[in-house]
Amino acid sequence: MPEGHVIHRLARVFNEEFAGRPVAVSSPQGRFATEASRLDGRVLAGAEAVGKHLLIEFDVAEPQWIHIHLGLIGKLRVQPEAAPVGVVRLRVSNGEVAADLHGPQWCRMLTRQQRDDVHAGSGPDPLRPDDDPRDVLPRIQRSRQPIAALLMDQRIAAGVGNIFRAEVLFRHGLDPMVPGREIDEATWLTLWHDLQGLMGVAVDRGRIDTVAEEHSPEVQQRPPREDPHGGEVYVYRRAAQPCLVCGTPVAMTDLAGRSLYWCPSCQRVRG
């Protein structure tokens with residue numbers, strides 16, 4: 001499932017390519033045809049990301065939003081306009097550039113109240129500068145769940161996924177199994193501010209890089225990481241490989257149905 005930086009990057013592209021002008025809206029597949037017909041030719045007012053949710057606003061008598069959640073297999077590609085390829089649920093076009101949506105978990109119309117409900121149901125997002133991480137600290141500190149599980153809860157850290165949670169915990173040497181109730185405010189804010197930086201870089205680069213310069217392939221004279229998820233990382237999908245810092249084999253276990261990666265030697269801090 002795409003992490004939050006992907007959705008924020010898509011919102012940026014939508015605002016650059018489509019905002020402030022009438023756009024063609026269609027559903028080549030047909031499943032969104034009725035909704036698309038109501039928006040076709042209308043002005044696209046703007047797009048925003050809330051965690052892993054993309055909200056696209058249209059300037060109509062009663063403002064409405066297309067709500068997209070890509071889920072596990074969804075893709076939203078923005079490229080020079082050409083004939084649709086494959087099963088396209090939604091197409092937004094300015095005549096030169098088209099955004100084609102394939103296989104989303106959600107593609108639906110929202111009223112203002114429903115749009116507000118998406119915001120209310122999401123935790124603070126590291127990529128939304130006005131969101132306050134302190135809002136969820138009481139919830140964290142009441143929890144017996146491991147911090148690694150809490151970081152994946154979209155009501156606590158919207159947009160954070162498996163890669164960012166593993167990497168930020170490693171970067172601060174935090175034992176992923178520390179329960180939330182042992183996390184103090186200083187630790188939580190340290191994690192949060194690092195997530196802001198890491199995810200902001202990922203929006204700009206279009207890939208996740210978490211490795212400091214001294215641990216880069218060039219400095220360590222090792223081959224660059226080859227992975228479809230891209231980027232240089234410390235522990236994610238590196239099970240049994242040597243830690244880039246201490247050489248200990250990276251560990252992996254299942255936590256709440258997702259693979260968790262960490263270094264047993266480097267990550268011993270208990271909150």
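This is a predicted model: local features need pLDDT of at least 70, side-chain atom pairs count only at pLDDT 80 or more; totals for chains, interfaces and linings use all residues.
Reader: What does helix H7 pack against?
Author: Its buried residues pack against helices H1 (4–17), H4 (137–141), H5 (147–150) and H6 (162–171). Among the buried residues of H7 are Trp188, Leu191, Trp192 and Leu195.

Reader: How far apart are the end C-alpha atoms of H7, and what span should its 21 residues give?
Author: The end atoms are 30 Å apart, and at 1.5 Å a residue the helix, residues 185–205, should span 30 Å, which agrees. Gly206 follows H7 and has a positive phi, near 75°.

Reader: Which residues touch the most other members of the largest nonpolar core?
Author: Ile147, Phe164, Leu169 and Trp188 do, in a core of 45 residues. Elements giving two or more residues to this core include H4, H5, H6 and strand S10 (251–255). H7 provides the largest share, nine residues.

Reader: Turning to charges, how many salt bridges does a search of the whole structure find?
Author: The search finds 16. In one of them, the side chains of Asp204 and Arg12 meet at 3.2 Å, N to O. This pair links helix H7 with helix H1, 192 residues apart.

Reader: Is Asp204 buried or exposed?
Author: Asp204 is exposed, with a relative accessible area of 51%, whereas Arg12 is partly exposed at 37%.

Reader: And Glu48, which residues join it in a network?
Author: Arg115, Asp116 and Arg128 join Glu48 through salt bridges that share partners. Arg115 meets Glu48 at 2.9 Å, N to O, and the closest N and O atoms of Arg128 and Glu48 are 3.1 Å apart. Arg128 lies in the loop between H3 and H4 and Glu48 in strand S3, so this pair ties together parts 80 residues apart in sequence.

Methods
Residues are numbered from 1 along each chain as its sequence is written. Side-chain values use heavy atoms; hydrogens and water are left out. Helices (H or I, at least four residues) and strands (E, at least two) are DSSP runs, numbered from the N terminus. The expected span of a helix is 1.5 Å times one less than its number of residues. Buried means under 20% relative accessible area, exposed over 50%, partly exposed in between (1.4 Å probe, protein chains only). Contact means heavy atoms within 4.5 Å. A nonpolar core is a set of buried Ala, Val, Leu, Ile, Met, Phe, Trp, Tyr and Cys residues joined through side-chain atoms within 4.5 Å. A salt bridge is a side-chain nitrogen of Lys or Arg within 4 Å of a carboxyl oxygen of Asp or Glu.
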